[in-house]
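Here are my notes on the model, as numbered points. Please keep the structure open while reading them.

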Amino acid sequence: MGKRQICRVDEVAPGASLRVELEGLPPLAVFNLDGDFYVINDTCSHGEASLCEGEIEDGQVECPWHNAKFCIKSGKALTFPAVEPQRTYIVAVENDEVFLVE
Ligand code: FES
């Protein structure tokens, strides 16, 4: 397994998100939920919206286009019109850096 640096911890405040592009992967959305970091695909499974532009509340992100909600931890689509989950990734935090584990 390898690790790729995604961002620094201080680039994503608690309750916020950051859109990141890494070679060979679709755009990623990095979320900071009370100090825990999660990464899912940024592009909504229902359309082309960026989930980093959505509202974050109670561990969920709401798509800015049609208001589908996704669980940030599991990627699961919680409300219509989205039904397909967001892909999730394994994340590690070391030395104030956030890594994708592949
Ligand atoms: S593009 Fe996200 S719910 Fe439609």
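1. Helices (H or I, at least four residues) and strands (E, at least two) are DSSP runs, numbered from the N terminus. Read along the sequence, the pattern of the protein is β-β-β-β-β-β-β-β-β. In other words, there are nine strands and zero helices.

2. This is a predicted model, in which local features need pLDDT of at least 70 and side-chain atom pairs count only at pLDDT 80 or more, while totals for chains, interfaces and linings use all residues. Residues are numbered from 1 along each chain as its sequence is written, and side-chain values use heavy atoms, with hydrogens and water left out.

3. On overall size, the C-alpha trace spans about 40 × 30 × 20 Å along its principal axes. The radius of gyration is taken over C-alpha atoms, and the globule rule is 2.2 Å times the number of residues to the power 0.38. For 102 residues, a compact globule would have a value near 13 Å, and the protein agrees because its radius of gyration is 13 Å.

4. Next, burial and surface. Buried means under 20% relative accessible area, exposed means over 50%, and partly exposed lies in between (1.4 Å probe, protein chains only). Of the 102 residues, 40% count as buried. The protein exposes about 5,800 Å², of which carbon and sulfur atoms supply 46%; these areas come from the Shrake-Rupley method with a 1.4 Å probe, and for residues only the protein chains shown count as cover.

5. Which residues make up strand E4, and how many of the six are buried? Strand E4 covers residues 36-41, and five of the six are buried, so the rest of the structure largely encloses this strand.

6. Two strands pair if DSSP finds at least two bridges between them. Strand E3 (residues 28-33) runs antiparallel to E4, joined by six bridges. Within this pair, Ala29 stands opposite Ile40. The hairpin of E3 and E4 has two residues between the strands, and there Asp34 takes a positive phi near 50°.

7. E4 also pairs with strand E8 (residues 88-94), in the antiparallel sense and over two bridges. Here Val39 has Tyr89 of E8 as its bridge partner.

8. Ile90 is worth a separate look. This residue is in strand E8 and counts as exposed, because its relative accessibility is 52%. Ile90 and Phe37 are 53 residues apart in sequence, and their C-alpha atoms are 9.7 Å apart in space. Contact means heavy atoms within 4.5 Å. Leaving aside neighbours within four places in sequence, Ile90 is in contact with Phe99, Leu100 and Val101. For the protein as a whole, 39% of the contacts between residues at least 6 apart in sequence join residues at least 24 apart.

9. Phe80 and Pro81 are joined by a cis peptide bond, with omega about 10°; Pro81 lies in the loop between strand E7 (69-71) and E8.

10. Where is Asn67 placed? Asn67 is in the loop between strand E6 (60-62) and E7. Its phi is positive, near 70°, in a residue other than glycine. Asn67 is partly exposed, with a relative accessible area of 42%.

11. Asn95 is not a glycine, yet has a positive phi of about 50°. Asn95 lies in the loop between E8 and strand E9 (97-101). With a relative accessible area of 73%, Asn95 is exposed.
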